Amino acid sequence: MKQPFTSGARASDRPAVDAVSANGRPQAASSDRAILLIDDNPSVTQALAIAFRMAGHALDTAAGPEEAFSRLALRRYDAILLDMNFTAGEASGEEGLACLRRIVAEDAGARVLVITAHSGIRIAVAAMQAGACDFVMKPWRNAELIAKVEAAIARGAAAASMPAGPVPRAPAAIAAPPVRLLGDSAAMQALRDLVRRVGPTAAGVTVTGRPGSGRMLTAQAIHAASPHAQGEPTRVDLRDPAAWDRLDQARGTLILRHPDRLDAVAQARLLDRIPATARCIAIADGSAALSPALRRRLATVEVAVPPLDGRGDDALLLARHFARDAAARFGRQEVRLSMAAEALLATTVWPDEVRGLALAIERAVLLSTDGRIDAAALAPPSVALAPTATATETGFDLSDAERAMIEAALREHRHNVTHAATALGLSRGALYRRMARYGL
Ligand SMILES: Nc1ncnc2c1ncn2[C@@H]1O[C@H](COP(=O)(O)OP(=O)(O)OP(=O)(O)O)[C@@H](O)[C@H]1O
C-alpha cells in the first residue's frame with residue numbers, strides 16, 4: 001500500500017528563498033537545476049512542485065515509468081526522485097526497482113533518490129544496491145528532502161569533474177539527454193538488452209530494420225554504451241562519395257550508413273579504408289548483401305530493430321511521447337489523444353515506421369486548437385476514412401482500423417453520432433453508412 005504523503009512542513013522546514021517580490025510573496029530563486037519527480041499521487045506531485053519552486057528548482061513530474069522515460073528522453077535531469085510503487089495495492093517496490101534499473105542502465109550518471117514507505121528499509125537497500133544514490137522515507141519534511149536532492153546533485157557534479165572512468169560523462173549542465181529507446185514491448189526490451197550487452201564491446205555491429213524504425217537511434221544507443229561514449233561518433237553515409245574522406249580521420253566509433261547498398265568492388269574498397277582501431281556500427285536494410293569479409297568486420301553481431309507493427313502498444317506510448325515533445329518544441333499546451341485517435345494508432349501501419357508516426361503526431365499537435373488530437377487529425381487526407389483508399393496504397397488497414405475508430409469515437413461521445421462524426425472528420429450520413437456496414 002502506498003503511504004499517505006505528509007505535507008506538514010513547518011515554516012522552519014521551508015528552504016530559504018532568495019527574494020521577495022513586489023506583492024510580498026516569496027519569489028523563487030532560479031537555479032538551473034532540473035529535477036524529475038516520478039510519482040502517481042497528484043497531491044504529492046503538486047505539493048512538491050511548490051516546495052521545489054520555492055527552493056529555486058524546476059520540478060517536472062511524471063505519473064509513472066512510461067511518462068518518466070519520455071521526459072528523460074527529452075532532457076537531462078540533475079536529479080530524479082522516484083516513488084517505488086505505481087499500481088494501486090502494490091507495495092513490493094518491484095515497479096520502482098525495475099524503473100530504477102532501466103534509468104541507471106541507460107545513464108550511469110543519473111542521480112536517483114528513491115522514496116520508500118516508512119517501513120521500506122528492505123526496498124531502500126535494494127534500491128541503493130541497484131544504483132540509487134540516496135533514499136527518503138515517508139513521511140518526509142520538505143526541507144530535508146530538498147537538502148538531500150541538493151546534496152545528491154552536488155555529489156554528481158563533483159563526480160562528473162573527476163578523472164574519466166570507463167564510460168565517462170560530460171557535465172550534466174551541458175550534456176544532451178542520454179539516448180533512450182522508448183517502448184515497453186517485449187521486442188523493445190530485448191533490443192535494449194542486446195544494446196547493453198554489445199555496446200561496451202569492440203565488436204562490429206550491424207543494425208538492421210526498416211527505414212524509420214529507429215536504426216540510427218539504436219546505433220547511437222550502442223555508441224552511448226561504449227567506452228567511446230564521450231566522443232562524437234564519425235558518421236559516414238556511404239552513398240555519398242564525398243563522405244568517404246571522413247573514414248581516414250575516424251577515431252572511436254564509426255557509424256556507417258548503407259554498406260549493403262555498395263557493389264562488391266566498393267565493399268572491398270571500404271574494408272581497406274576503415275581504420276583498424278575504429279569501432280564500427282553499420283546501419284543496413286539487412287546483412288545478407290554484405291560480402292563475407294565485410295560482414296566479419298561490420299556484423300559480428302546483427303541487431304535487428306523490430307517493425308513498429310510488431311511492438312504492441314508501443315505505437316501509443318511513442319505517440320504520447322512525440323506529442324509531449326512537439327508541444328514543448330512548438331510552445332503548445334500538452335495535448336491528449338482521443339479514444340478514436342488511440343484506436344487508429346493501434347491499427348495503423350505507418351509507411352515510414354516510427355518516423356511516419358512522429359510526423360503525423362507533430363502535425364496534429366501543431367494544428368490542434370483544443371488541446372486534443374482526434375482520429376481525423378492523424379490520418380493524412382489521402383488515407384483518412386477515404387472510401388477510395390485501399391490497404392495496399394496506404395498501409396492502413398481500413399476494415400480493422402475504421403471499425404475500431406468508429407467504435408471508439410461512438411464510445412467516447414456516448415453514441416452521439418453528430419459528435420462522433422465530427423471527431424472522425426465525417427459527415428453524419430457518411431458515419432451512418434459506415435455504422436451500417438460494420439453492423440454497429
Ligand atoms: N524507440 C524509439 N524511441 C524514441 N524515438 C524513436 C524510437 N525509434 C525511433 N525514434 C525516433 O524516430 C525517428 C526515426 O528514427 P531513426 O532516424 O533512428 O530511424 P532510421 O531507421 O535510422 O531511419 P533511416 O535509416 O531511414 O534514416 C527519430 O526521430 C528517432 O529519434
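Author: Domain bounds here come from an automatic or database domain assignment. The model is predicted.

Reader: Between which domains does the ligand lie, and why?

Author: Look at what gives residues to the shell around the ligand. Two domains do. The ligand therefore lies between domain 2 (186-306) and domain 3 (310-437).

Reader: Which helices each supply at least two residues of that shell?

Author: The shell holds 15 residues, and the closest include R215 and M216. Helices that each supply at least two shell residues are α7 (215-224) and α13 (353-367).

Reader: How many residues of the shell are nonpolar, polar and charged?

Author: L182, P211 and G214 are also among the closest residues to the ligand. By class, the shell residues divide into 8 nonpolar, 5 polar and 2 charged.

Reader: Is T422 buried, partly exposed or exposed?

Author: T422 sits in helix α17 (residues 417-424). Buried needs 20 or more other C-beta atoms within 10 Å, and exposed needs 12 or fewer. T422 has 17 within 10 Å, so T422 is partly exposed.

Reader: How far apart in space are T422 and L367?

Author: In sequence, T422 and L367 are 55 residues apart. In space, C-alpha to C-alpha, the distance is 16 Å.

Key. Residues are numbered from 1 along each chain as its sequence is written. This is a predicted model: local features need pLDDT of at least 70, side-chain atom pairs count only at pLDDT 80 or more; totals for chains, interfaces and linings use all residues. A residue is near a molecule or strand if its C-beta atom, placed from the backbone, lies within 6 Å of it. Helices (H or I, at least four residues) and strands (E, at least two) are DSSP runs, numbered from the N terminus. Ala, Val, Leu, Ile, Met, Phe, Trp, Tyr, Cys and Pro count as nonpolar, Asp, Glu, Lys and Arg as charged, and the others, Gly among them, as polar.
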